[in-house]
Amino acid sequence: MHHPFKVGFCFPKFLRRDKGESGTSHGVSVSEILAVRELDVDSGTKDDGRWQKMPQKSTEAYPYAFTVSYVERAWQHRWRCSDVTFHCLEGALCQQWVQTIREQLTALTSRPKHLLVYINPYGGKQQGERIYEQKVAPLFTLASISTHVIVTEHANHARDHLRTEAELKKYDGVVCVGGDGMFSEMVHGLVSRTQRDNGVDQNSPEEKLVPCTLRIGIIPAGSTDCICYATVGINDPVTSALHIIVGDAQAMDVCSVHHNNTFLRYSVSLLGYGFYGDVLADSERKRWMGPARYDFSGFKTFLTHHYYEGTVSFLPATDILGTPRDKTRCRAGCFICQHNGQLYSEDHQPLFLLPEYKGGWRVIRGKFLAINAASMSCACPRSPKGLSPAAHLADGTTDLILVRKCSRFNFLRHLLRHTSKYDQFDMTFVEVHRVRRFRFTPRYCQSDSELDLRENGKKLFSQICRDHPACSCSPAYSSWNCDGEILPHAAIENLPVGQPSLHSSVKGT
Ligand SMILES: Nc1ncnc2c1ncn2[C@@H]1O[C@H](COP(=O)(O)OP(=O)(O)OP(=O)(O)O)[C@@H](O)[C@H]1O
Ligand SMILES: CCCCCCCCCCCCC/C=C/[C@@H](O)[C@H](CO)NC(=O)CCCCC
Ligand SMILES: [Ca+2]
């Protein structure tokens with residue numbers, strides 16, 4: 001894990017600590033200290049008024065003490081807050097320690113002091129408010145972070161508030177308590193506002209996005225929590241809160257999705273047609289089931305085994321380091337992200353937009369069970385390695401995974417490989433390409449009067465299905481699953497634009 005400050009305190013032997021061996025030294029990096037509190041040993045209270053049980057021997061021999069709260073790394077990327085209390089003989093020395101530590105903490109400019117928090121009370125198992133109040137708010141208070149908390153009242157509340165009303169200048173960051181859908185709302189609010197303030201036209205596929213200056217922290221309280229899991233390494237509210245407090249940051253690719261040169265949505269994780277589109281469309285009708293809706297709809301969609309015909313065109317990323325079949329994984333301070341990200345640096349036009357960019361577009365026609373574009377690994381508790389394990393968070397590319405029509409048995413083998421050590425791409429009917437941008441046109445696309453799937457989908461489905469030459473009751477259209485939201489069009493163009501343009505909370509070590 002990269003830390004901006006590597007100054008550390010090695011507490012010396014003349015200070016005696018409560019935990020473990022007495023008289024030993026204890027090293028804590030300043031960047032991992034959350035707070036320091038002086039203890040009033042005589043009265044047995046801390047300066048924040050909370051009671052603390054003091055060992056009798058310590059209070060007699062060492063009358064002055066202070067407590068340091070710091071990040072302790074636990075198992076599997078989990079972080080916890082730990083306390084260690086130091087005792088000493090002289091009050092002046094004790095105060096000097098406390099003051100010096102406070103000065104060092106104040107000097108850490110990457111740490112947030114004021115946060116704007118949005119809680120979705122209906123995400124995941126509807127535990128957002130409880131998770132925030134019980135697990136996160138006490139840590140923010142401990143770290144002297146002031147917060148303004150908004151519990152959302154309807155879908156898109158957070159997006160619209162961020163886009164128009166929020167006084168963003170007052171804050172060092174925004175926090176999202178919810179799942180991927182809630183994070184997507186925040187991305188749309190912040191990115192749209194930044195583009196509007198800077199006069200960037202979102203509808204133009206060639207325009208480069210202006211990066212957002214505010215970071216988004218994610219407290220996971222959703223059903224999939226893929227963005228949190230893929231950046232932090234785990235979906236654990238306390239771990240995320242601690243990453244936010246210490247000011248960790250991770251750049252993230254943002255793709256814009258267009259239809260007929262009109263902007264539709266941004267995507268940061270999965271853009272999936274076919275299997276994942278159908279799972280989402282079915283699961284939206286079963287929100288009442290909570291996170292289990294994905295298992296139910298996943299199983300049902302697997303059994304229906306629909307394939308979709310169409311044309312995928314893509315611009316391979318030829319000017320970068322790394323491939324989707326690499327064994328290495330994107331981690332904090334990733335070299336590949338740094339190297340490839342420079343291709344997007346402010347003073348350079350992205351190379352792939354130049355006419356001499358070698359490679360050019362490739363076109364693949366076929367029948368697909370799934371077309372997945374993963375801009376990050378999409379790791380989540382269901383699939384800890386994700387849809388594309390070697391994808392990078394901030395390299396300006398997307399991994400395009402094409403799963404052609406195959407037997408149910410083979411598709412099941414492919415799906416199950418997402419949950420095991422075996423390579424899900426090492427199958428004859430699967431191909432994966434690292435791309436700069438891609439387009440999809442369904443076979444029965446009516447290019448001029450494009451399809452609005454929500455309104456006309458059913459009517460067109462029955463009409464086209466009758467004429468569908470290869471029809472074995474596979475509908476002509478699926479839906480696009482864009483970070484957990486259904487897109488209203490089947491024909492789309494996807495562009496990773498303006499990377500690195502926003503920060504999420506953090507990526508695990
Ligand atoms: N107060 C609210 N009432 C109804 N819907 C809301 C409210 N606040 C936010 N939403 C919407 O709820 C949707 C789902 O929320 P969220 O992403 O937090 O949980 P999830 O869908 O269970 O998790 P995941 O996206 O990780 O699968 C989001 O698309 C968001 O727009
Ligand atoms: C029959 C056994 C099959 C086992 C297969 C496991 C494969 C799991 C891969 C999981 C990929 C998740 C991709 C993440 C997508 C998110 O942007 C989105 C919003 O939260 N979630 C879904 O669409 C929810 C998607 C849920 C899919 C099941
Ligand atoms: Ca990427």
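Me: Let's start with Lys170. Which residue does Lys170 form a salt bridge with?
Reply: Glu167. The closest N and O atoms of the two are 3.8 Å apart. Keep in mind that this is a predicted model.

Me: How many salt bridges are found in the whole structure?
Reply: The search finds 18. One of them joins Glu32 and Arg73, with the closest N and O atoms 2.7 Å apart.

Me: What does the pair of Glu32 and Arg73 tie together?
Reply: Parts that are 41 residues apart in sequence, because Glu32 lies in the loop between β3 (26-29) and β4, while Arg73 lies in strand β6.

Me: Is Glu32 buried or exposed?
Reply: Glu32 is buried, at a relative accessible area of 13%.

Me: New topic. Into which domains is the chain divided?
Reply: Domain 1 covers 8-106 and domain 2 covers 114-504. The contact takes 13 residues from domain 1 and 14 residues from domain 2.

Me: How much area is buried between domain 1 and domain 2?
Reply: About 1100 Å². Carbon and sulfur atoms give 70% of that area.

Me: Which three residues of domain 1 supply more of its buried area than any other three?
Reply: Leu34, His77 and Trp79. Together they supply 54% of the area that domain 1 buries against domain 2.

Me: How many salt bridges are there between domain 1 and domain 2?
Reply: The count is 2 salt bridges. There are also 2 residue pairs in polar contact between the domains.

Me: Which elements give two or more residues to the side of domain 1 that touches domain 2?
Reply: Strands β4 (33-40), β6 (64-73) and β7 (79-88) do.

Me: What about Arg78? Which residue does Arg78 form a salt bridge with?
Reply: Asp236. The closest N and O atoms there are 3.8 Å apart.

Me: Are Asp395 and Thr397 buried or exposed?
Reply: Asp395 is buried, and so is Thr397.

Me: Next, Asn372. Where is its place?
Reply: Asn372 sits in strand β16, residues 362-374. Asn372 is buried, with a relative accessible area of 3%.

Me: Which residues is Asn372 in contact with, leaving aside neighbours within four places in sequence?
Reply: Leu270, Leu271, Gly272, Tyr273 and Tyr276 are on the list. Asp399, Leu400 and Ile401 are on it too.

Me: There's another Asn I'd like to look at. Where is Asn120 found?
Reply: In the loop between β8 (114-119) and α3 (128-142). Asn120 is buried at 18%, since the cut-off for buried is under 20%.

Me: What does the side chain of Asn120 reach?
Reply: The backbone nitrogen of Tyr122, at 2.8 Å. Beyond its neighbours within four places in sequence, Asn120 is in contact with Gly128, Thr152, Val177 and Met182.

Me: Last one. Where is the place of Val403?
Reply: Val403 is in strand β17, residues 398-404. Val403 counts as buried, at 1% relative accessibility.

Me: Which residues does Val403 touch, not counting those up to four places away in sequence?
Reply: Phe368, Leu369, Ala370, Phe411, His414, Phe429 and Val430.

Me: How far apart are the C-alpha atoms of Val403 and Gly274?
Reply: They are separated by 9.4 Å. Along the chain, Val403 and Gly274 are 129 residues apart.

Terms used. Residues are numbered from 1 along each chain as its sequence is written. Chains are lettered from A and ligands numbered from 1 in the order in which they are written. This is a predicted model: local features need pLDDT of at least 70, side-chain atom pairs count only at pLDDT 80 or more; totals for chains, interfaces and linings use all residues. Side-chain values use heavy atoms; hydrogens and water are left out. Buried means under 20% relative accessible area, exposed over 50%, partly exposed in between (1.4 Å probe, protein chains only). Domain bounds come from an automatic or database domain assignment. Contact means heavy atoms within 4.5 Å. Buried area is the accessible area (1.4 Å probe) that two parts lose on being put together, summed over both. A salt bridge is a side-chain nitrogen of Lys or Arg within 4 Å of a carboxyl oxygen of Asp or Glu. A polar contact is a pair of N or O atoms within 3.5 Å; within protein, one must be able to donate a hydrogen and the other to accept it, and residues adjacent in sequence count only if both atoms are side-chain atoms. Helices (H or I, at least four residues) and strands (E, at least two) are DSSP runs, numbered from the N terminus.
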